[in-house]
Protein chains: 6
Amino acid sequence: MRPSNREKAQLRDVSFEMGAIKNAEGSCMAKFGDTHVLCTASVEDRVPPFLRNSGQGWVTAEYGMLPRSTNSRMRREAREGKQSGRTQEIQRLVGRSLRAVVDMGQLGERQIVVDCDVIQADGGTRTAAITGGWLALYECVEFLRSTELIKSNPITDHVAAISCGIYAGAAVLDLDYAEDSSAETDANFVMTGAGGLVEIQATAEQDPFSESQFSELLGLAKDGIAQLVQMQKAAIA
Amino acid sequence: MRPSNREKAQLRDVSFEMGAIKNAEGSCMAKFGDTHVLCTASVEDRVPPFLRNSGQGWVTAEYGMLPRSTNSRMRREAREGKQSGRTQEIQRLVGRSLRAVVDMGQLGERQIVVDCDVIQADGGTRTAAITGGWLALYECVEFLRSTELIKSNPITDHVAAISCGIYAGAAVLDLDYAEDSSAETDANFVMTGAGGLVEIQATAEQDPFSESQFSELLGLAKDGIAQLVQMQKAAIA
Amino acid sequence: MRPSNREKAQLRDVSFEMGAIKNAEGSCMAKFGDTHVLCTASVEDRVPPFLRNSGQGWVTAEYGMLPRSTNSRMRREAREGKQSGRTQEIQRLVGRSLRAVVDMGQLGERQIVVDCDVIQADGGTRTAAITGGWLALYECVEFLRSTELIKSNPITDHVAAISCGIYAGAAVLDLDYAEDSSAETDANFVMTGAGGLVEIQATAEQDPFSESQFSELLGLAKDGIAQLVQMQKAAIA
Amino acid sequence: MRPSNREKAQLRDVSFEMGAIKNAEGSCMAKFGDTHVLCTASVEDRVPPFLRNSGQGWVTAEYGMLPRSTNSRMRREAREGKQSGRTQEIQRLVGRSLRAVVDMGQLGERQIVVDCDVIQADGGTRTAAITGGWLALYECVEFLRSTELIKSNPITDHVAAISCGIYAGAAVLDLDYAEDSSAETDANFVMTGAGGLVEIQATAEQDPFSESQFSELLGLAKDGIAQLVQMQKAAIA
Amino acid sequence: MRPSNREKAQLRDVSFEMGAIKNAEGSCMAKFGDTHVLCTASVEDRVPPFLRNSGQGWVTAEYGMLPRSTNSRMRREAREGKQSGRTQEIQRLVGRSLRAVVDMGQLGERQIVVDCDVIQADGGTRTAAITGGWLALYECVEFLRSTELIKSNPITDHVAAISCGIYAGAAVLDLDYAEDSSAETDANFVMTGAGGLVEIQATAEQDPFSESQFSELLGLAKDGIAQLVQMQKAAIA
Amino acid sequence: MRPSNREKAQLRDVSFEMGAIKNAEGSCMAKFGDTHVLCTASVEDRVPPFLRNSGQGWVTAEYGMLPRSTNSRMRREAREGKQSGRTQEIQRLVGRSLRAVVDMGQLGERQIVVDCDVIQADGGTRTAAITGGWLALYECVEFLRSTELIKSNPITDHVAAISCGIYAGAAVLDLDYAEDSSAETDANFVMTGAGGLVEIQATAEQDPFSESQFSELLGLAKDGIAQLVQMQKAAIA
């Protein structure tokens with residue numbers, strides 16, 4: 001039995017609120033149960049140094065958690081004076097995942113920054129950030145196209161992500177915090193709308209896992225991500 | 001004429017959503033028009049060094065802005081590696097204002113941290129943080145009282161805050177960003193429910209201001225804060 | 001009775017030593033009793049990024065305290081690796097106050113940095129920094145005019161500052177440390193030579209203060225600042 | 001054809017020099033072709049705060065690259081004032097991987113720090129760090145056992161790691177820099193001596209990868225890691 | 001000819017103002033011509049970790065320059081977020097030099113911090129800091145002895161320092177900035193009252209120097225330091 | 001008797017392995033007994049700001065210690081977020097020493113960075129860094145000459161360094177850690193191939209030292225450095 005009484009292959013209630021922030025070119029509040037991540041996409045007229053005068057654009061991501069998004073208050077990274085290793089790992093993952101479905105030549109020499117800020121956390125914040133981040137990015141690109149700053153669509157496909165894990169000996173989809181904190185194995189999958197794999201991260205939290213266990217997790221992820229892609233399509237329809 | 005067509009002494013639409021974050025002991029989403037500040041209050045079983053073994057408690061505040069809460073994206077302070085001078089100034093002000101209405105002996109040797117995070121900004125974030133922060137603090141103290149961790153109420157009064165300014169030559173209440181960015185004088189007032197003054201900060205942005213102009217601003221603030229205190233009372237009723 | 005036996009409206013012994021540092025374009029050692037603040041003004045041939053190619057100049061300020069300027073030794077900020085929130089608050093205040101009386105177009109595209117370093121502290125360092133900083137700035141501008149780098153005087157008026165407070169129930173002028181550390185209310189006023197208000201900062205350290213108390217403080221400040229402006233005039237005569 | 005003319009499933013020349021540093025309780029210079037990583041293991045009589053008085057030990061890792069280990073000189077992280085996101089990601093991975101095969105209760109309340117410093121880099125530094133780090137850890141534990149500081153062996157199994165990737169359309173084992181920098185997909189696998197999976201990290205660098213491609217990579221990794229475990233056994237024989 | 005018209009073996013005008021800061025247990029304003037260094041000594045009831053419960057005391061030093069002590073304004077280290085390599089080198093030298101003449105057992109388990117802050121710089125700030133720092137330390141120790149916190153005198157001898165250099169081909173004593181900035185060789189000597197050598201630092205700024213040149217510099221330093229020790233004796237008489 | 005049974009004027013076994021790192025333009029592993037320092041020289045097509053458009057080049061050095069190069073593990077400076085004062089002092093010394101024998105006009109407007117990383121430490125790391133750093137620099141310059149990037153040799157002479165000290169009352173050459181940690185006086189000498197003095201640093205660790213003791217140390221250093229220069233010549237032959 002899962003703490004939330006969900007079926008093994010059942011997602012939490014997922015919703016995407018487009019246009020959540022008035023000021024941003026693109027934004028989406030992504031909710032996976034009690035995990036709420038606010039994603040915004042901002043256009044900047046500059047690119048990282050290695051792309052200057054290349055005609056190519058760039059997509060990058062930043063990630064943060066509000067101090068009391070979590071059960072016990074976390075220290076504020078701005079006050080600590082640095083981002084934790086975990087934060088950097090996640091924002092690098094989100095950026096890589098989004099770049100996998102963007103044609104940088106079509107984007108033109110500009111950068112889109114996708115900020116993913118966790119307002120409330122209950123497990124699965126990085127996968128919510130990727131899935132919601134794609135929607136913010138999409139809205140931002142539509143804005144650029146409406147202003148004719150870019151001609152053709154640089155977004156080549158959907159990208160979405162979900163966590164899976166071995167919990168109480170069974171493979172389950174979309175871990176919440178109660179499951180995540182005692183899972184034997186924890187995995188995150190990022191896939192495109194066409195079903196291509198973009199990133200796999202699987203970690204044994206206790207005993208090592210087997211190939212067949214990994215296959216089960218991958219199977220769950222494929223179904224879950226297919227559902228998320230459908231929800232993304234509904235959100236931008 | 002104000003950009004928002006409000007009367008000179010008219011507040012924006014103000015709302016307080018109590019219990020906005022499930023994880024926190026106290027929380028409130030304070031909205032002043034398009035300015036949205038999420039305030040949470042967290043209990044910690046420790047106090048600053050100068051209070052150890054004193055039996056006295058402490059209330060402190062931290063402030064942050066999401067990078068895209070603003071019209072053009074701000075750099076993330078956690079990435080910059082430090083909080084700006086403005087951020088520190090504001091969080092010191094919020095902490096002082098809240099402490100003005102708390103009896104630290106009644107609180108017991110524990111600290112309450114009030115985090116004020118700006119989700120969307122349209123002027124007046126610091127005054128919204130104080131006004132909403134008091135509500136989060138109140139909810140947190142009620143939680144402590146419900147668990148009988150504290151016996152009597154350490155909160156001695158309401159505290160609320162509002163900005164005023166000289167805009168296009170006239171004194172107006174509750175500046176939004178359009179007004180704030182071109183005001184001749186900008187002032188913030190913090191007052192208690194009983195009408196006592198807790199903090200005044202008035203700054204000439206262009207020409208110096210006169211005593212009579214200042215009196216007008218103070219008059220507007222007194223009326224505005226009285227309304228905010230009534231709304232606080234409704235929110236906790 | 002005040003600890004120093006001064007009258008309620010009596011300033012401490014104030015002196016301004018012009019040209020205190022040989023190397024600087026302008027300098028002044030400002031002494032308010034045992035509070036000694038060394039102010040220097042330095043010309044730089046660059047302006048902040050937002051003013052580049054604008055033809056406009058800029059005036060900014062930095063503030064520091066020597067570690068043993070205080071009764072018990074403070075940690076050296078350079079060693080701590082950051083300026084405290086208090087330091088940043090003060091240097092922002094000094095910069096704003098000085099800019100209020102400078103015509104940036106007349107200054108030309110250059111920056112004047114006013115450094116205010118507390119050699120010995122006995123309360124009122126920020127107001128001494130503003131009052132002495134104006135004198136260093138004046139001397140620096142005279143130097144620029146003597147070299148014909150600037151033609152007409154960009155300084156439009158005097159600016160000076162003083163603290164007031166409610167001490168032992170009474171409104172008093174120019175708090176020293178003994179008063180400041182136990183004052184019920186603490187306020188700083190910045191005004192021009194013409195009597196215009198540039199900045200008001202008033203804080204209840206214990207109980208809230210009333211409008212009439214605030215009026216008393218403002219009255220004391222007006223008289224005190226008028227005296228300081230006379231002393232500034234004498235110093236540059 | 002691979003740039004190094006190796007077969008698809010062929011490791012580079014691998015060697016492990018035990019006792020490479022006289023001062024350390026355990027050390028190993030791990031060479032995978034031109035990738036040379038110096039691993040040392042140090043005993044500390046303290047544990048992280050969350051383990052104090054638990055009787056449990058801890059194993060952690062740190063990672064660094066000498067500035068000129070790489071083709072073009074990298075900036076020295078100690079001078080930059082922070083470890084990069086990549087560095088932190090790698091040292092977290094190395095620590096997790098080693099902890100997967102240590103019984104913390106048997107270790108006793110002490111910490112072993114495994115430092116992995118890249119002397120020369122030619123791809124695959126993180127997997128060399130894990131594989132060589134296990135050997136340094138082993139030597140360190142043997143030292144502790146020889147001094148009878150610990151009674152029974154806390155190391156429960158071998159752990160080793162290797163990279164694989166899709167290079168020029170084909171799945172290949174143990175990427176060197178020439179391959180790594182143009183691979184379509186890059187994956188790192190960490191496994192135990194018993195063949196259990198400890199960590200999988202797979203990333204599409206260009207197009208998404210398929211399940212069957214991933215299976216090929218996993219197959220290569222299993223064989224490669226089995227060889228590395230045999231070499232570890234030889235090194236400690 | 002020296003720019004200042006001094007003889008080769010002639011010191012600048014040197015003066016020591018004892019008790020320069022009211023708040024400190026010991027203080028001295030040391031002036032070597034236009035080089036003015038304010039030295040204070042502060043007692044702290046703690047020692048560095050390696051001395052806890054040893055019964056031994058410690059003497060340490062910190063060094064700083066006011067931003068406009070120099071000809072062109074230096075950046076404020078507190079704002080830069082770190083002390084420069086030069087600053088750290090100097091404060092380590094000052095600390096070592098003072099510790100050479102203190103019996104740490106007699107001092108008792110407490111620390112004296114000697115802060116040396118350059119108010120105005122014209123060459124030779126580090127040697128002025130050592131020479132003046134000894135006087136501040138002496139005054140501080142006298143204070144501790146007057147309060148009977150320490151019984152016997154922990155100061156075993158004087159210590160003083162001077163710079164010498166090869167300027168325009170000739171060995172000269174006590175370089176000012178005009179000489180220092182074009183000297184071929186620059187050396188600093190620290191000696192005790194009894195004539196023992198505590199520290200020698202000699203650096204070829206252009207061509208290497210010879211043994212005989214070095215001997216000349218050492219000879220000048222011995223005479224200069226003997227004069228400084230006499231002046232220290234007069235200052236504390 | 002010296003702990004190592006060496007004669008007073010006897011160097012440890014010294015060796016220089018040229019070309020120790022494949023990736024670098026110049027490299028040398030310098031071993032003085034158990035002290036092993038890896039020196040690399042890297043060419044950069046930029047110079048410090050003060051040399052831009054001057055046609056002059058620059059040589060600079062950086063220094064680091066692997067955390068477990070020492071007997072007890074040191075904290076990693078990259079993790080601490082800053083280089084220690086000792087580290088900065090040493091890298092400044094190495095840079096100055098190397099620059100003393102380079103004609104910056106012949107080098108052209110480029111910078112050579114010499115990285116000196118201590119792999120294993122047993123005293124005398126800074127002098128090994130200078131002596132080995134010169135060899136890395138030499139190899140790098142030969143590479144530049146072979147590519148005809150520079151025409152004539154900018155290296156004007158050898159430079160080498162050695163430590164000496166008063167150990168158990170006697171002057172000895174080339175201190176190892178056992179001697180260094182209990183020496184009464186510790187000195188480092190840097191000299192050219194022609195016998196010119198580049199830098200002298202002598203410090204009394206316990207009692208002050210005398211002129212005649214210093215002369216003995218200098219005598220030992222001259223002989224030791226002459227031997228090191230011969231070994232450098234052999235290494236590049």
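This is a predicted model: local features need pLDDT of at least 70, side-chain atom pairs count only at pLDDT 80 or more; totals for chains, interfaces and linings use all residues.
Residues are numbered from 1 along each chain as its sequence is written, chains are lettered from A and ligands numbered from 1 in the order in which they are written, and side-chain values use heavy atoms, with hydrogens and water left out.

**Helix pairs**

Helices here are DSSP runs (H or I, at least four residues; strands are E, at least two), numbered from the N terminus. Axes are lines fitted to C-alpha atoms, for helices over the stretch in contact, and angles run from 0 to 180 degrees between N-to-C directions.

| Helix pair | Axis distance | Angle |
|---|---|---|
| H6(A) and H6(D), residues 211–236 in each | within 13 Å | roughly 160° |
| H6(E) and H6(F), residues 211–236 in each | 13 Å | about 160° |

The angle makes H6(E) roughly antiparallel to H6(F). H6(A) passes H6(D) in a right-handed crossing, meaning that the near helix is turned clockwise from the far one by less than a right angle (left-handed if anticlockwise). From H6(A), the contact (heavy atoms within 4.5 Å) involves A:Glu211, A:Phe214, A:Leu218 and A:Lys222, and from H6(D) it involves D:Glu211, D:Phe214, D:Leu218 and D:Lys222. By class, these residues are four nonpolar, no polar and four charged. Nonpolar covers Ala, Val, Leu, Ile, Met, Phe, Trp, Tyr, Cys and Pro; charged covers Asp, Glu, Lys and Arg; the others, Gly among them, are polar.

The crossing of H6(E) and H6(F) is right-handed. There, E:Glu211, E:Phe214, E:Leu218 and E:Lys222 meet F:Glu211, F:Phe214, F:Leu218 and F:Lys222. The contact of H6(E) with H6(F) has four nonpolar, no polar and four charged residues.

**Chain relations**

Copies are superposed by least squares on the C-alpha atoms of residues with pLDDT of at least 70 in both.

Chain D is superposed on chain A by a rotation of 180° with 0.0 Å of shift along its axis, at an RMSD of 0.0 Å. D:Gln201 has the C-alpha nearest that axis in chain D, 2.3 Å from it. Of the interface residues of chain D, 100% are also interface residues in chain A, so the copies meet through the same surface.

Chain A and chain E do not touch, and their nearest C-alpha atoms are 11 Å apart. Chain D and chain E are not in contact either; their closest C-alpha atoms lie 10 Å apart.

Definitions and conventions:
Angles under 35 degrees count as roughly parallel, over 145 as roughly antiparallel, 65 to 115 as roughly perpendicular and the rest as oblique.
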